[in-house]
Every structure is written in structure tokens, then in C-alpha cells.
Amino acid sequence: MTRRRPKGSGTIRREGGGYSLRVGRGPAAIYESGFRSKAEAEARAAILRTEKIHRRLGVAADPRFIPTLGELAAPWLERRKLTHAAGAEDGSRWRKHLAPAFGELRPDQLDDARLRAWIEAKRAELAPGTLRVCVSVLSSLYEDLLERRLATRNPARHLPKSILRLVRPDHDPRTTPFLERLEDVRAVYLALREPLSVAYAIGALAGLRTGEVFALRWPSVDLDGRRILVSEGGSTGSTKDKDPRAVPILDALLPVLRAWRLRHPGAGLVIPSMRRDGRRIDKKTPGNKLRPVLVELGLHRVARYRDAWYAATRHTFASHWAMAGRPLRELQKILGHSSIAITERYAHLAPGYFAPGVHGAFDVDLRSGEPSIAQNMPDGQVSGPVRPLIH
């Protein structure tokens, strides 16, 4: 005869390759998954029941019964995958960067000093922006622990300014270099060898990210409708924000893509693999090949930038769009920014910001050097049957 579990002890069931548990009822119920064995789930359920009694009596949880951050993070990350687009990436950040330093600590053992020491040590390995995302993941974990009274404070929240400076992104559009003259964009295009020159044109004249350029396939390029559907890119196989977006094919880019299409029919990659084994090239490869060209053309400020390819393509596109006075809301959609606040950083590049000789947005033909017909169109428009990006 199977013995029934006592009433109120929670429910444990098989889920996927492991076990899950639920303790309590209604909105206050606690659900966790990802346990490797039933015994592990039973032990966790016992702790949750004890915590529930402590909360009812108004007594703080006994530190001896509080699991380590590594034990608490495992089920939390599994739940996060279901609710956050970057849940899988957050799990990778935890395992690779956060768990080795904090996984064995109990929640209230992590203080400002430990967190600062970790950030200072990681500065040599990670970019400030990546560090900031890791701290954000840690902060989200602690917010969950605070709700469950497994922690008394969130050490990753309200950090001192001295620590915040260490995780501030270093690619602010207000300081990131770009190609200020479209003549220089054309010179770079002509100096590169195919297919890298075509990849460069797509990045500089459509604003695609590096991974998106090299993941782009011909079925996503509508030359007649003059738009690109960006739905792939990066190591995860999708765009950075997980959502596809439509990007217009401007006059300067259209002849480049049409000529390239005639020579490369089919439904494969727009930019064929540059590796002998047919796999995608490393993200750093385009920049390494571009930098000597920039130096040869005297564009040293862009060549010295940490990510020269980004500065000469995506950032150049966004900067020229802003300088021409085109709508920043459209630029947000084209670049795939999650917030207009990110795009508004380009607003300081007002029309006429630079010296005479800087053209409007993309009004030069890369191959002939002649002005394109886009310069005769009203602001915020491109010629040809392009449907508006924002409805």
C-alpha cells in the first residue's frame, strides 16, 4: 500500500529528467524545479515548510537550514528560462562567472567588499557591459531571495558610485568613434575584398549587428520590397532581444545587394562562410581584417577602438541617421534597441553637427561615388516602394 504524503507537506512530481515541487496553495505557493532526485526535492520541501512556519511566527529563518547561493540559483534559473528571453544566457553567466566566486556562500555572507573584489578581478577578463549584466543577474536572484526571506539585503542593489563606475559600459555613442564622412565609408568598402566588403556594406548601410550580418540568408532579403527581415544572429542563433525586426534597404545598399545576388543565387547565406570547414567565422575576425584597412586609409581613431568593426558599421549607420535629422523612433526599430533611451544617446549628433563635407544620410553610391537619389527625398523617407517601418 502506497503511503500518502501528509496534508500540507507539498507536492513532488517527476518533470522532464528531474523532479519539481510545489509547497502551499494559491498565489503564495512556491514552485521549484530542476532537482536531480526525489530525495533532493524532499529535502528542499522540508526546508520550505520550515521557512513557512518561521514566517507565520515572525521568526527569522535558521541560517543552518538556508542553502548556499549555488543551491538556490539552480531552480531559480530554471524558472527564469520560462519568463525571460535571456534566461539561458543568464544561466551561462551564472555558471561561468558568478558561481565559482559566490556559489558556496550563503545569501547573507555576500557583502559589498566581496562583490567589489570580484568586480575588480573580473575587469581584466570581461567588458564593463558584461560585468554590469552579471551584477544584474545576481541582483535579480537576491530579489527573489528577499521575497522568500532567505536574505536580509541585496548586496547588488544600490552599489556605491565607486563600484558602479567599474561596470559602466564603455561604448557610449557620445564617445564611440565612427566614420564621419560617407566618402570614407565608400573607401573602406572598395578596399575590402569580397565577401567581407558586402558584409561591411550591410553593417554600415543597414545597421545590422556583426552576428546578424553573417547569419543573414537570402530568403530574408526582399529586394523588390526593399527590406531585410533580421531574425538570426549571434552564438545563440537568434537576435540579441530574441525578436525579429524589419530593416529597410536604403538606396546606397540596394545596388550592392542586387549585384551580389546575381552572382550568388540560392537560399543560403548572403555572406558565404569565410572558413574552410564552412562554419561561421569568429566575431572578432571581421574587425581583425578591417583594422589594417582603416590604418591604411588614415582612419586611426576608429582603427584604435576596441571593436573597430562595430564602430565602422553599426555605429556609423546610427550616427549618420541622427545627423540627417531622421526620426530616432525609427532608428530604435531598425537597430533593435529595447528602449528608446538607448537610441536617444545619438540625439547629440544634430543635423549640421560636423564640418561642411559631411553628407546627409547615406546619399552616396558605394560603387560609383555618385550621389544617390535618397538625398532628394523628404526627411525620414527613402525612395522606392518601401512600406513604413512604424504603423
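Buried means under 20% relative accessible area, exposed means over 50%, and partly exposed lies in between, with a 1.4 Å probe and protein chains only. By this rule F102 counts as buried, at 3% relative accessibility.

## About the model

This is a predicted model, in which local features need pLDDT of at least 70, side-chain atom pairs count only at pLDDT 80 or more, and totals for chains, interfaces and linings use all residues. Residues are numbered from 1 along each chain as its sequence is written, and side-chain values use heavy atoms, with hydrogens and water left out.

## The nonpolar cores

In soluble globular proteins, nonpolar side chains tend to be buried together. A nonpolar core is a set of buried Ala, Val, Leu, Ile, Met, Phe, Trp, Tyr and Cys residues joined through side-chain atoms within 4.5 Å. The largest one here has 60 residues. L179, Y200, I202, V221, L253 and L294 touch the most other members. Helix α8 (residues 196-206) gives this core its largest share, nine residues. Another core lies apart from it, with 30 residues, including L138, L150, L159 and L166.

## Helix α8 and its ends

Helices (H or I, at least four residues) and strands (E, at least two) are DSSP runs, numbered from the N terminus. How many residues of α8 are buried? The count is 11 of the 11, so α8 is largely enclosed by the rest of the structure. Among them are L196, Y200, I202 and A206. Leaving out residues up to four places away in sequence, I202 touches G207, L208, V213, L216, L253, L257, V270 and I271. Here a contact means heavy atoms within 4.5 Å.

Most residues other than glycine have a negative phi, and most peptide bonds are trans. In the loop between α7 (182-191) and α8 sits P195. A cis peptide bond joins E194 to P195, with omega about 5 degrees. Just after α8, G207 has a positive phi of about 80 degrees.

## Aromatic pairs

A pair of aromatic rings is described by the distance of the centres and the angle of the planes. Rings of Phe, Tyr and Trp (its six-membered ring) pair if their centres lie within 6.5 Å; planes under 30 degrees apart are stacked, over 60 edge-to-face, and the rest tilted. The whole structure holds four aromatic pairs. F102 and W118 form a tilted pair, 5.6 Å centre to centre with 55 degrees between the planes. F102 lies in helix α3 (residues 87-102) and W118 in helix α4 (residues 112-122), so the pair ties together parts that are 16 residues apart in sequence. W118 is buried, at 7% relative accessible area.

The ring centres of F317 and W321 are 5.9 Å apart and the planes are at 35 degrees, so this pair is tilted. Both residues lie in helix α14 (residues 314-323), four residues apart, about one turn of the helix. F317 is buried, at 2% relative accessible area. W321 counts as buried, at 2% relative accessibility. Ring pairs also link Y200, F214 and W309 into a cluster.

R226 sits in the loop between β4 (221-222) and β5. This residue is not a glycine, yet its phi is positive, about 60 degrees. R226 is buried, with a relative accessible area of 5%.
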